Amino acid sequence: MQIKISEVANLPSRFGNFKVKAFKQGQKEHLVICAKNLADIPIVRVHSECLTGDAIGSLKCDCRDQLEYGLKLANETGGMVIYLRQEGRDIGLLNKINAYALQDKGLNTVEANHQLGFAADERTYEVVTFILKHYGIKKIKLLTNNPDKINSISGVEIVERIPIVMQANEHNAGYLDVKRDEMGHLL
């Protein structure tokens, strides 16, 4: 795996004062946001990019809430957030918006991805193992509901899975049901 790694920089934020480092994997540039004093067994949130949720505050998903919770917890506990550039479960922004349009016509998120010729979830997580090993981390507490994330991390012991359950709203309740019922998320 060819990965370029940036220098470390300070990142003061409304969630705390962090250290950040970027990892360039092909055309994707991932970001690690970690507490200045990383715990021996840190809480780690692996978060895939969601422009509509993370930046714009879309109510169709729970991505922004999960990201903000992960950042707050990282700051409070000496943890980290690994922000992966895998927009729209790695189908890209254009296809994600096309999937949204199909959802507006009644398809659910999985059906929309299939209609566009994609798997329900195209994401991969091998870079997470690379990043954790880069930091010399041997054990983590993983903040996730996604069994694919749990199963894809190798060479690092997951001593605990911490659920990340956000309050549903009228716009994302069906989406969360599909994540649980069709994608196996542990909600």
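**Close-ups of a predicted model**

Phe23 is fully tucked away: with a relative accessible area of 0%, Phe23 counts as buried. The legends below go with close-ups of a predicted model.

**View 1. Phe23, Phe130 and Tyr135 make up one aromatic cluster.** Two aromatic pairs turn up in the structure. Phe23 and Tyr135 form a tilted pair, at 6.4 Å centre to centre and 45° between the planes. Tyr135 sits in the loop between H6 and E7 while Phe23 lies in strand E3, so this pair ties together parts 112 residues apart in sequence. Buried or partly exposed: which is Phe130? Phe130 counts as partly exposed, at 27% relative accessibility, and Tyr135 is also partly exposed, at 24%.

**View 2. Met80, Ile82, Val128, Leu132 and Ile140 touch the most other members of the largest nonpolar core, which has 19 residues.** Two or more residues each come from strand E4 (28-35), strand E5 (43-48), strand E6 (80-84), helix H6 (126-134) and strand E7 (139-143). H6 is the top contributor, giving four residues. A second, separate core has nine residues, including Val20, Leu67, Leu71 and Ala74. As background, nonpolar side chains in soluble globular proteins tend to be buried together.

**View 3. Met80 and the residues around it.** What does Met80 touch, leaving aside neighbours within four places in sequence? Its contacts include Val32, Ile33, Cys34, Leu38, Ile43 and Val44, along with Ala74, Leu132 and Ile137. Arg45 and Tyr135 are also in contact with Met80.

**View 4. Strand E7 pairs with E5 and with E8.** E5 and E7 run parallel and are joined by two bridges, with Val44 standing opposite Leu142 in E7. E7 also runs parallel to strand E8 (residues 157-162), this time with five bridges. One to look for here is Lys141, whose bridge partner in E8 is Glu160. From E7 the chain crosses through helix H7 (residues 147-152) to E8, a right-handed β-α-β crossover.

Technical notes: Residues are numbered from 1 along each chain as its sequence is written. This is a predicted model: local features need pLDDT of at least 70, side-chain atom pairs count only at pLDDT 80 or more; totals for chains, interfaces and linings use all residues. Side-chain values use heavy atoms; hydrogens and water are left out. A nonpolar core is a set of buried Ala, Val, Leu, Ile, Met, Phe, Trp, Tyr and Cys residues joined through side-chain atoms within 4.5 Å. Buried means under 20% relative accessible area, exposed over 50%, partly exposed in between (1.4 Å probe, protein chains only). Contact means heavy atoms within 4.5 Å. Two strands pair if DSSP finds at least two bridges between them. A crossover is right-handed if, with the strands pointing away from the viewer, the path from the first strand over the helix to the second runs clockwise. Rings of Phe, Tyr and Trp (its six-membered ring) pair if their centres lie within 6.5 Å; planes under 30 degrees apart count as stacked, over 60 as edge-to-face and the rest as tilted.
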